[in-house]
Amino acid sequence: MIFDKETAKQTAEVLLQVNAIKLQPNDPFTWASGWKSPIYCDNRIVLSFPPIRNYIRETMAKHIESHYGKVDVIAGVATGAIGIGMLVAEYLGLPFIYVRPEAKSHGRQNQIEGFIESGQNVVVVEDLISTGKSSLNAVKALKEANVNVKGMVAIFSYGFEVAKNNFEEAHIDLHTLSNYDNLLEQALDTKYITAKEQEVLALWNANPSEWNAI
């Protein structure tokens, strides 16, 4: 679920402006999964643009305050959301931790880095939601540490049905600044893409694993 329509379109616009999101329906990317994709998203780029990272930080932080109430700790998902998660925690004056994909094989063998106590209320910050598996893996680690995960906020979601199902099954509340539908709408409104390209991009989102470039 997006925060609201205005935020979704504004966020889509700034992500397009700095090429955090690239749309190439006629020259698709290849993801690590092997999927062909007309979109590539790297939200870590926003950290290099102070006005944009501040907009994302403040919008996320204010939503966390209004939607989740009392929060004790902000948790970022490694590695993509460490930067923005730390900025959100700083804005809110809260402790910050981050969660690795798996525990380290050496040293203290931590999966969760930072100080956290049993029973604390945590909101997870993520940069991008695709299937949701890596994000929910972080949630699982936090729950195993006996903390209360109140929900997750993310910059952008591809809007895949599988992600929606995964979050529903895990009973995790997810809110994003923007999503794929609002991205396409904004990209068309600002003539970043044509109506024909929007059709191609919409077809990919409906069945990404089987999509072939047109």
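Visitor: Where does Asn-179 sit?
Guide: Asn-179 is in strand S10. Strands are DSSP runs of E, at least two residues; helices are runs of H or I, at least four; both are numbered from the N terminus. This is a predicted model, where local features need pLDDT of at least 70, side-chain atom pairs count only at pLDDT 80 or more, and totals for chains, interfaces and linings use all residues. Residues are numbered from 1 along each chain as its sequence is written, and side-chain values use heavy atoms, with hydrogens and water left out.

Visitor: Is Asn-179 buried or exposed?
Guide: Buried, at a relative accessible area of 19%. The cut-offs are under 20% for buried, over 50% for exposed and partly exposed in between, with a 1.4 Å probe and protein chains only.

Visitor: What is Asn-179 in contact with?
Guide: Ile-2, Phe-156 and Ser-157, leaving aside neighbours within four places in sequence. Contact means heavy atoms within 4.5 Å.

Visitor: What order do the strands of the open sheet take?
Guide: S7-S6-S5-S8-S9-S10, six strands with mixed pairing. S7 (112-113) and S10 are the edges; each has a single partner strand, so one side of each has no neighbour in the sheet. Two strands pair if DSSP finds at least two bridges between them.

Visitor: How many bridges join S5 to S6?
Guide: Four, and the strands run parallel. Gly-76 stands opposite Tyr-98 in S6.

Visitor: Switching to H5. Which of its residues are buried?
Guide: Ala-163, Asn-166 and Phe-167, in a helix spanning 161-170. They cover an arc of only 95° around the axis, which puts them on the same side of H5. That arc is taken from the directions from the helix axis to the C-beta atoms.

Visitor: What covers the buried residues of H5?
Guide: The cover includes strand S8 (121-129), helix H4 (133-144), strand S9 (148-157) and strand S10 (174-179). Just after H5, His-171 takes a positive phi of about 55°.

Visitor: What about Glu-197: which helix?
Guide: H7, residues 195-206. Glu-197 is buried yet has no salt bridge. A salt bridge needs a side-chain nitrogen of Lys or Arg within 4 Å of a carboxyl oxygen of Asp or Glu.

Visitor: Where is the nearest side chain of opposite charge?
Guide: That is Lys-196, 11 Å away. Lys and Arg count as positive, Asp and Glu as negative; His and the chain ends are not counted.
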